[in-house]
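Q: Hi! Could you take a look at this one with me? I'd like to talk through some side chains.

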Amino acid sequence: MRISIRLFASIREALGVPTLEIEVPAGATVGTLTREIRARYPQLPLQPEALVSVNYEYVRDDHPLRENDEVALIPPVSGGSGGFFEITDNELTAESVADLVRSPECGAVAVFLGTARRTSRGREVAYLEYEAYPEMAIRKLRQIAEEIRERWSTDRVAIRHRVGHIELGEASVAIAVATEHRAEGFAACQYAIDRLKEIVPIWKKEVWVGGGEWVGWDCAIDPLATAPAQSSLTER
């Protein structure tokens, strides 16, 4: 059985190709596939337990593989379609997301903009590069919106993330949530950016004079885990 694997960010750069073709036996699992990849490409920057998505969902090693599955090898994330959820190379503004969620039934619109800053981890950054797995990223953005709806009873959520070259001071992500009262809006907006950095396959490369580095998640985060309980969110 021949499996095609999509590659992104640091893994794509390490191999210099956007996809791999790997032959595995019938009945193979994701674990079978990742062991074969490690054996063939020991130079790849993989975590001890590689993250893999199949048909746009994160899966574990025992997940069975089938012909024509959409498989992707996911490096640690940093943190499509148009409308409320978008992966775009266009400039992002607060108004571009706030206007999507305004409603006469809501008394507050909370907006978060994540922007490129000059210094990071002791280095002076020249600019940022973002890369995404767009089809899966859109699904995960919608998942975050559904989690917000369940917790704060609002479906007025918009999340847009930019890809490509980002200059210092420019926005890389824009989030807006409209709620009846401001406290719920602030809490939902923070929840959205925290979850985005946990589960959405978007990668950031910090570029400085003479080099650059892909920035990933804290390895303690498990994107396969269920969403945190609401009680833990309100105590943060």
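A: Happy to. This is a predicted model. Let's start with Lys-205, which is found in strand 14, residues 202-208.

Q: Is Lys-205 buried or exposed?
A: Lys-205 has a relative accessible area of 18%, and the cut-off for buried is under 20%, so Lys-205 counts as buried.

Q: Which side chain joins Lys-205 in a polar contact?
A: That would be Glu-13: the two side chains are joined by a polar contact of 3.0 Å.

Q: And what else does Lys-205 touch, not counting residues up to four places away in sequence?
A: Besides Glu-13, Lys-205 touches Tyr-127, Leu-128, Glu-129, Gly-212, Glu-213 and Trp-214.

Q: Switching to rings: how many aromatic pairs are there?
A: The count comes to 4 aromatic pairs. One of them is Trp-152 with Tyr-191, with ring centres 5.6 Å apart.

Q: Why is that pair edge-to-face?
A: The planes of Trp-152 and Tyr-191 are at 65°, and over 60 degrees counts as edge-to-face, so the pair gets that label.

Q: Where do the two sit in the chain?
A: In distant parts of it: Trp-152 is in helix 4 (residues 134-152) and Tyr-191 in helix 5 (residues 182-199), 39 residues apart.

Q: Buried or exposed, those two?
A: Trp-152 is buried at 13% relative accessibility, and Tyr-191 is buried at 3%.

Q: Which residues form an aromatic cluster?
A: Phe-8, Tyr-56, Tyr-133 and Trp-203 form one.

Q: Last one: what lies over the face of Trp-208?
A: Arg-123 does, at 4.0 Å from the ring centre.

Technical notes. Residues numbered from 1 in each chain as written. Predicted model: local features only at pLDDT ≥ 70, side-chain atom pairs only at ≥ 80, totals over all residues. Heavy atoms only, no water. Phe/Tyr/Trp six-rings, centres within 6.5 Å; stacked < 30°, edge-to-face > 60°. Helix = DSSP H or I, 4+ residues; strand = E, 2+ residues; numbered from the N terminus. Buried < 20%, exposed > 50% of the residue type's maximum accessible area, 1.4 Å probe, protein only. Lys NZ or Arg CZ within 6 Å of the ring centre and 35° of its normal. Polar contact = N/O pair within 3.5 Å; in protein donor to acceptor, adjacent residues only side chain to side chain. Contact = heavy atoms within 4.5 Å.
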